[in-house]
Amino acid sequence: MKVLVATEKPFAPSAIKEIQPIIENAGHKFALIEKYENPAQLHEAVKDANAIIIRSDIIDEAVFNAAPELKIVVRAGAGFDNVDLKTATAKNVVVMNTPGQNSNAVAELVFGLLIYGARGFFNGKSGSELKGKTLGLHAYGNVGKLAAKIAKGFGMIISAFDPFVPADLIEADGVKVYNSVEELYSSNQYISLHIPANDKTKKSINHTLLSKMPKGATLINTARKEVVDEEGLLKMLEERNDFKYLSDIQPDTASELLSKFPDRCYFTPKKMGAQTFEANNNAGIAAATQIVNFFESGDKTFQVNK
Ligand code: 3PG
């Protein structure tokens, strides 16, 4: 089988050094395309691939059409909103993710952004500490859980809203549970987003919700830009000069927001959440292993298009 690693944003070279032998030692052929500049290059690379390992790469119908031999796509990471699951299922292609493998990297970045915001983007003036401040985790999956653990070290007061995780599991971590998203937003100075982007969540972080946040509010987004309603965000920034938005994903309106609110908006130049050697290695090794197991025994653990 031919296993292609197709990453516009490359893994660390150390991860490729781990992935390649996992593929080859199982008797498969390894191929790599990185930093491709347009979909045509990706279409050419996938034409004889039986498996693909990707990151945030867009795997749409055109990619599936260009890859008639494809059996499995593994998204080395958590979010799979970049893969057209409907087409994958229609074409009998298994899609998997590698949950948890890059979560620590993302959770740590939350605190990089939190401190950067609390210290006024390092502008030399007195900022504030995180100790004793309220942090609301919007969703309590792998990243939310790790963020709670780190927040404890900072002495923050932590709460969460996640209708998909039993309250007692969250409370066992010493985290207060809110039963409504509105309560979470009205009770926390800092909100950190950990929801996936799907039809239900897209644009769900809107002006009505944001305007519930207390004075000195900051929204941290290491999840997906699509979950924030950018019109509502702009309105909130215009109305509330105490509100900050720090995101690991450039919003569509990034240049407007940065020019209007340079001291209250910050966006990493490239999505950096999962960009650590450790996360690349963990997610890459998991992806390669899942592909080998799939071809060896039909193992479909972590399939997301069921
Ligand atoms: C994920 O969903 O796993 C993260 O958003 C990481 O995305 P990346 O692999 O493109 O950095």
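**Exercise 1. The shell around the ligand**

How many residues of the shell around the ligand are nonpolar, how many polar and how many charged? Work this out on the model, which is a predicted one, and then find which atoms of R75, A78 and N102 lie by an oxygen atom of the ligand.

*Solution.* Begin by listing the surroundings: the ligand is surrounded by K9, R55, S56, R75, G77, A78, G79, N102, R224, K271 and A274. Sorting the residues of this shell by type gives two nonpolar, four polar and five charged.

Finally, consider the surface of the ligand: taken alone, the ligand exposes 320 Å², and the protein buries 95% of that.

**Exercise 2. A glycine of the shell**

Locate G79 in the chain, and decide whether this residue counts as buried or exposed.

*Solution.* The place of G79 is in the loop between strand 4, residues 72-75, and helix 4, residues 85-90. The relative accessibility of G79 is 19%, and the limit for a buried residue is under 20%, so G79 counts as buried.

**Exercise 3. The nonpolar cores**

Which residues of the largest nonpolar core touch the most other members, and which helix gives the most to this core?

*Solution.* The largest nonpolar core has 30 residues, and those that touch the most other members are Y185, L193, I205, L210, L219 and F243. Several elements each supply at least two residues of this core, namely helix 8 (181-187), strand 9 (190-193), helix 9 (207-210), helix 10 (230-239), helix 11 (254-260) and strand 12 (265-267). Helix 10 gives the most, with four residues.

To see how one member is placed, follow F243: leaving out residues up to four places away in sequence, F243 touches L210, M213, A217, L219, L233, M236, L237 and R264. There is also a second, separate core of 25 residues, which includes L113, L135, I158 and A160. As background, nonpolar side chains in soluble globular proteins tend to be buried together.

**Exercise 4. Two residues that touch each other**

Where do N221 and D248 lie in the chain, and which residues does D248 touch beyond those up to four places away in sequence?

*Solution.* N221 is found in strand 10, which covers residues 218-221, and at 0% relative accessibility N221 counts as buried. D248 lies in the loop between strand 11 (244-247) and helix 11, and with 2% relative accessibility D248 counts as buried.

Now compare the contacts, setting aside residues up to four places away in sequence. N221 touches L193, V227, V228, Y245, L246, S247, D248 and I249. D248 touches L109, L113, N221, T222, T268, K270, K271, M272 and G273, and with G273 there is a defined pair of atoms, in which the side chain of D248 reaches the backbone nitrogen of G273 at 2.6 Å. A223 is 25 residues from D248 in sequence, and the two are 7.7 Å apart in space, C-alpha to C-alpha.

**Exercise 5. Exposed positions**

*Solution.* K35 is found in the loop between strand 2 (29-34) and helix 2 (39-46), whereas F122 lies in the loop between helix 5 (103-118) and strand 6 (134-138).

For accessibility, the limit for an exposed residue is over 50%. K35 counts as exposed because its relative accessibility is 59%, and F122, at 57%, counts as exposed. I58, which lies in the loop between strand 3 (51-54) and helix 3 (61-66), is exposed with a relative accessible area of 53%. Beyond its neighbours within four places in sequence, I58 is in contact with L42, V63 and N82. E278, a residue of helix 12 (277-297), is exposed with a relative accessible area of 53%.

Conventions: Residues are numbered from 1 along each chain as its sequence is written. This is a predicted model: local features need pLDDT of at least 70, side-chain atom pairs count only at pLDDT 80 or more; totals for chains, interfaces and linings use all residues. Side-chain values use heavy atoms; hydrogens and water are left out. A nonpolar core is a set of buried Ala, Val, Leu, Ile, Met, Phe, Trp, Tyr and Cys residues joined through side-chain atoms within 4.5 Å. Buried means under 20% relative accessible area, exposed over 50%, partly exposed in between (1.4 Å probe, protein chains only). Contact means heavy atoms within 4.5 Å. A residue is near a molecule or strand if one of its heavy atoms lies within 4 Å of it. A polar contact is a pair of N or O atoms within 3.5 Å; within protein, one must be able to donate a hydrogen and the other to accept it, and residues adjacent in sequence count only if both atoms are side-chain atoms. Accessible areas come from the Shrake-Rupley method with a 1.4 Å probe; for residues, only the protein chains shown count as cover. Ala, Val, Leu, Ile, Met, Phe, Trp, Tyr, Cys and Pro count as nonpolar, Asp, Glu, Lys and Arg as charged, and the others, Gly among them, as polar.
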